[in-house]
Amino acid sequence: MRHIAVIGSGPAGYYTAEAAQKLWENEVSVDIFDMLPVPYGLIRTGVAPDHQSIKGVSRRFEKTNLSDNVRFVGNVAVGKDISINELQDLYDAVILATGAPLDRELDLPGKQLGNIFGSAAFVGWYNGHPEFAGLDPDLSGRHAVVIGMGNVALDVARILAKTPEEFAGADIVAHALDALAASNIDAITIVGRRGPHQIMMTPKELGELMHLQRASPMVDPSDLPDEEEDALLEPGLRKSVRHLRDFAAIPASIHGETPVTIEFDMFASPVAFKGDGKVSALEVEETRVEAGRAIGTGKTYDINADIVISCIGYRTSPIPDVPFDERAGRFANDEGRILPGLYCVGWARRGPSGTIGTNRPDGYGVVEKIAEDADSGALGRGRKAGRAGFDAMAQERGLDIVTFRDWKRIEEAEEAAARDGAPREKFVDIASMIAARD
Ligand code: NAP
């Protein structure tokens with residue numbers, strides 16, 4: 001029997017468990033740990049609440065969980081309740097699938113001003129992550145600035161722009177829905193330091209901006225390169241740029257009919273936050289792009305900003321005793337191998353890129369590496385205590401473990417509390433999750 005511990009129950013963790021189950025069938029026992037009492041990581045607290053079809057992948061993970069050889073071990077913080085070294089003593093392989101939950105900081109003058117948030121915090125707020133549920137962003141001003149030209153920036157801009165009715169069927173948490181319903185924001189600026197050919201936004205997500213009830217997207221036609229140049233782009237990016245061209249062609253009369261605008265301000269690199277206690281503007285420097293790089297022109301201007309959400313990427317949270325690549329913001333690894341018996345997968349391995357599905361080959365890949373290492377004898381003789389050993393330690397330490405069956409009870413309570421048409425009303429603090437189990 002091989003004993004495997006997967007740390008993190010997001011998509012990378014579950015795809016890894018699935019791969020281990022496929023490869024070793026009844027010869028493997030996988031424990032999936034999570035610091036929260038609820039599973040699915042990014043699916044629950046990262047994917048936008050109005051993108052329910054993407055969240056549907058959790059049904060596949062549920063199947064993995066409902067087998068005898070994979071179990072969910074919730075409410076256990078690795079590094080606090082149990083160390084990596086202790087886990088390595090108990091399991092043949094320990095796989096870190098902890099994602100990238102920290103914001104890459106935008107280290108600019110004025111960063112301490114109020115109402116400036118990173119996307120991990122802001123997305124965590126509207127998705128009910130216990131760590132960020134109390135964020136309480138001030139949406140009383142008119143101008144929101146969203147920094148970054150990736151899909152997270154798009155998620156944030158779209159969520160800020162939607163009417164309460166457009167959240168029908170979404171699992172946005174009540175505190176965020178109420179705050180957004182009372183929001184005064186009517187000018188959302190998406191700031192990009194490079195140009196249309198360098199955006200990271202994908203076509204489907206960009207296209208959604210055309211179908212918002214009260215908001216319309218605006219692109220300055222003079223920001224667009226000659227159309228013939230689009231032919232050199234890879235097809236996905238070409239489609240995204242097509243959307244930007246469509247946005248640029250929207251007549252002013254349409255913008256006049258929609259009370260909210262989502263304006264793309266490209267070739268604008270953030271320089272400083274300005275304000276008195278609370279942010280009121282973002283100063284940017286105009287850029288031009290040379291060989292793909294943003295070069296400052298020295299010309300600066302201010303963009304009104306009553307709230308700023310910086311969506312410029314994420315970092316993995318370091319764990320004591322685990323080698324970390326500071327520059328890349330993830331664990332130091334060679335194709336998933338960190339140290340003998342210690343592996344990483346998903347965003348914790350490769351950084352915050354790709355879609356949910358990208359984690360599938362990642363999970364299968366790391367399991368192949370473990371199999372190679374087991375075959376070469378690098379993992380020792382396979383006499384670890386595994387699950388039984390962990391259970392004994394958990395009992396000794398009085399850990400309050402949440403099982404998959406417990407989670408199903410929590411899920412039932414969340415479903416029962418849902419608004420009309422919504423799939424669930426999430427608990428946003430750990431005590432309420434535990435209470436729903438009990
Ligand atoms: P991303 O795609 O890497 O985009 C980050 C953006 O931040 C880039 O436009 C980048 O510009 C900009 N940026 C970085 N540092 C900056 C700085 N100092 N100043 C100004 N701008 C800066 O990251 P993401 O949006 O966080 O998304 C993470 C991953 O999740 C992506 O793979 C994304 O596709 C995925 N995701 C997918 C969906 C979906 O499929 N619906 C939804 C959300 C997220 P440069 O290019 O100039 O560096």
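1. Let me start in the sheet: strands β2 and β3 (residues 70-74) run parallel and are joined by five bridges. Across this pairing, Asp31 stands opposite Arg71 in β3. Two strands count as paired if DSSP finds at least two bridges between them, and the helices (H or I, at least four residues) and strands (E, at least two) are DSSP runs, numbered from the N terminus.

2. A word on the source: this is a predicted model, in which local features need pLDDT of at least 70 and side-chain atom pairs count only at pLDDT 80 or more, while totals for chains, interfaces and linings use all residues. Residues are numbered from 1 along each chain as its sequence is written, and side-chain values use heavy atoms, with hydrogens and water left out.

3. On its other pairing, β2 meets strand β1 (residues 2-7) in the parallel sense, over six bridges; here Arg2 has Val28 of β2 as its bridge partner. Together, β1, helix α1 (residues 11-24) and β2 form a right-handed β-α-β unit. Right-handed means that, with the strands pointing away from the viewer, the path from the first strand over the helix to the second runs clockwise.

4. Just after α6, Gly128 adopts a positive phi of about 75 degrees.

5. Do turn to Lys426, in the loop between α15 (404-416) and α16 (430-437). Lys426 is buried, at a relative accessible area of 5%. Its side chain reaches the backbone oxygen of Asn127 at 2.8 Å, and a polar atom of that side chain lies 2.7 Å from the backbone oxygen of Arg44. Leaving aside neighbours within four places in sequence, the contacts of Lys426 (heavy atoms within 4.5 Å) include Lys55, Asp171 and Glu414.

6. Val173, in the loop between α7 (151-161) and α8 (174-181), is buried at 1% relative accessibility. Not counting residues up to four places away in sequence, Val173 touches Trp125, Tyr126, Asn127, Gly128, Glu425, Lys426 and Val428.

Methods: Buried < 20%, exposed > 50% of the residue type's maximum accessible area, 1.4 Å probe, protein only. Polar contact = N/O pair within 3.5 Å; in protein donor to acceptor, adjacent residues only side chain to side chain.
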